[in-house]
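Here are my notes on the model you sent. They are set out as numbered points.

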Amino acid sequence: MPSQQITILDPSLRDGSHAIGHSLTPESVARYVQLIDAAGVDIAEVGHGLGLGASSAQVGFSKFSDACLNRAALDAAKRIKICNFVIPGFATVERDIAPAIEQGISVFRFGTHCTEADLSKRHIQFVRKQGATAMTSLIMSHMVSAETLLDQALKLQDYGASSVTLMDSAGAYSMSETTDKISTLVEGLNIDVGFHGHNNLSLSVANSVIAAKCGAKIVDGTARGFGAGAGNTPIETMVAALHKEQFSTNVDLMKLLQAGAYAEATFIETLPCITESGVISGFYGICGAFQKHILSASARFGVSVEEICQELSNRKAVAGQEDLIYEIAVNLQKRVANE
Amino acid sequence: MHCKLFAGRRKDSPGLAIASKHGITVSTDGINGVLKILNTLDVVFDCTGADAHRSHWESLKKSHVKVVDLTPSNIGIPIIPSVNLQDVHCAQNLSLVTCGGQGAIPIAYALKQAIPDLDYFEVVNTIASKSAGPATRDNLDDYITTTESVLKRLTGVKDAKAILILNPAEPCINMKSTVFASSRNAFSEHDKEKITRSVNELAASVSQYVPGYRITMQPVYDGKNLMVSIEVLGIGDYLPRYAGNLDIITAAAIAVAQSTNQVVKRAANA
């Protein structure tokens, strides 16, 4: 039996950017794209941590514009595809997507909260009409059942998506959950299924391999796990583990390690580490991208990380709700002061 | 004000059933139902979608009626009752902007009144998924474009951003807006006092026509930046209480129509 081919998507230059406050430079973007291109990675996602148009007071301002980072990535790319992440509600067709297409971006990956797939309908249809590829993803997918995810994924398939990636945005997936959710999508869809992990419970590589075994065709990993808090799935160990399990990829592991070494020596400020707050956040299912904001609100208002996480979990916060972190911290501080 | 007609498209629409129960004449003929009795009307409220409103406006603009637009089409003069209600006299088509705009723009306006140096506003609106119907979802980009454009227009800043987030939590979350602002200079204690006074005064004036409007986080400062959050709880008559986003724009529409109605009456008496 020929071994299953897996597409490797590297969102270091997008999701990873949450860890350094969206401060990637065009120089780092260009060099890292060259290195992973040479290593055989299929797709690089580039931009602000929450994608096109998301540079904001709410999530954090980018040091360099979407257009500037795209230019650097597109100029450096030979074979690798450069992809832009898009969350409808942050980005619009006119302000963000059309200019990116104009620049030469031909692959987009839409992200909606796992129950809100229809928010991306118009954007997917626009991108398809322009002849570009519309990959999609369901964010914070630990929050709902496999059946709900399939219902939402079927809508995306219907709109013209080329794939649906389940994002474990909080690093909260257990291994049986990965099996259940990925298998349900693979069986129910005609398009490719993908998995995007975070490492809060040390399961990101295991979950990525399980996803591939259940039929996922696309898996995401970042250089050394570069990402907020506990980090993403480390791409190097993920590719090594996939090869051990007889999956084929286009990636040359040794060259990939060199790309990781470059990232570690330049833009990765601190290697991701599963600290106390990372475990709490994974256990409560809090969006990984919140990490820096939770730590800063906790320090500023003298409230514990656990209390903030508990309250975020009670309120079922979704990606992009950074303002709620501060509101919760301010109100918890008031409660403490009154007691 | 007297409601003469409630028009929809779907025979099984729950809204039409409620209107019928209240003894209001209903039509399932959409805009055509309205056009048939146009000469008996003073005000038409359009609660469809941005594209539909653009075509309805073509049929309404040559008539005498005031058009109150609850879609984010951004065709008419934007009205935020607590900010520029006097502008209802300036145009036939009155745009209610967006639900997020109705919630957040009063706060941005109050901030700018207190500190003219502010040069950036950002409004982040979070609503319950269940309060966002098919038109809201389809009009997501119109929501952002219109909110940003009116935010700039009514505060005079050149740079503004709008973000909309849907949260499916059960029980449903209340509508919430956070306004971020940046200044060229750091805020002095005197500035902070002025801001607190201005924001709370304007919030009180909004709560006169939207009783569930309240500040949930007083201004929090970080260097040259600040943030304020508000929440809108609906009155819970027809719409659920959490759907403050729907309530605030409906309440604004009534406030706008009442003031145009006075104009109509005055004109009739003269």
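1. How many residues of domain 1 of chain B are in contact with domain 2 of chain B? The count is 19 residues of domain 1, which meet 22 residues of domain 2. Contact here is defined as C-beta atoms, placed from the backbone, lying within 7 Å.

2. A word on the basis. This is a predicted model, in which local features need pLDDT of at least 70 and side-chain atom pairs count only at pLDDT 80 or more, while totals for chains, interfaces and linings use all residues. Residues are numbered from 1 along each chain as its sequence is written, and chains are lettered from A and ligands numbered from 1 in the order in which they are written.

3. Domains of chain B. Domain 1 covers 6–96 + 249–269 and domain 2 covers 99–243; such bounds come from an automatic or database domain assignment. Taken over C-alpha atoms, the centres of the two domains are 25 Å apart. On the domain 1 side of the contact, α4 (81–84) and α9 (244–269) of chain B each supply at least two residues. That side has 12 nonpolar, 7 polar and no charged residues. In this classification Ala, Val, Leu, Ile, Met, Phe, Trp, Tyr, Cys and Pro are nonpolar, Asp, Glu, Lys and Arg are charged, and the others, Gly among them, are polar. Helices (H or I, at least four residues) and strands (E, at least two) are DSSP runs, numbered from the N terminus.

4. Chain B against chain A. Here 27 residues of chain B touch 24 residues of chain A. Elements giving two or more residues to the chain B side include α6 (134–138), α7 (140–155) and β8 (159–167) of chain B. The largest share, 6 residues, is from β8(B). By class, the chain B side has 14 nonpolar, 8 polar and 5 charged residues.

5. Helix α5 (residues 99–114) of chain B with α7(B). Their axes are 10 Å apart and the packing angle is about 25°. That makes the two helices roughly parallel, a term for angles under 35 degrees. Axes are lines fitted to C-alpha atoms, for helices over the stretch in contact, and angles run from 0 to 180 degrees between N-to-C directions. The crossing of α5(B) and α7(B) is right-handed, that is, the near helix is turned clockwise from the far one by less than a right angle. Among the residues that meet are B:I105 and B:Y109 in α5(B) and B:V150 and B:L154 in α7(B). The contact divides into 7 nonpolar, 4 polar and 1 charged.

6. α5(B) with helix α8 (residues 189–209) of chain B. The angle is about 145° and the axes are 8 Å apart. This crossing is also right-handed. Contributors include B:Y109 and B:L111 in α5(B) and B:I195 and B:L202 in α8(B). The contact has 10 nonpolar, 2 polar and 1 charged residues.

7. Sheets. Chain B has an open sheet of 4 strands in the order β3-β4-β6-β5, with parallel pairing; strands pair if DSSP finds at least two bridges between them. β3 (43–46) and β5 (77–78) of chain B are the edges, each with a single partner strand, so one side of each lacks a neighbour in the sheet. In chain A, 8 strands close into a barrel with parallel pairing, in the order β1-β2-β3-β4-β5-β6-β7-β8.

Technical notes
Two residues are in contact if their C-beta atoms, placed from the backbone, lie within 7 Å. Angles under 35 degrees count as roughly parallel, over 145 as roughly antiparallel, 65 to 115 as roughly perpendicular and the rest as oblique.
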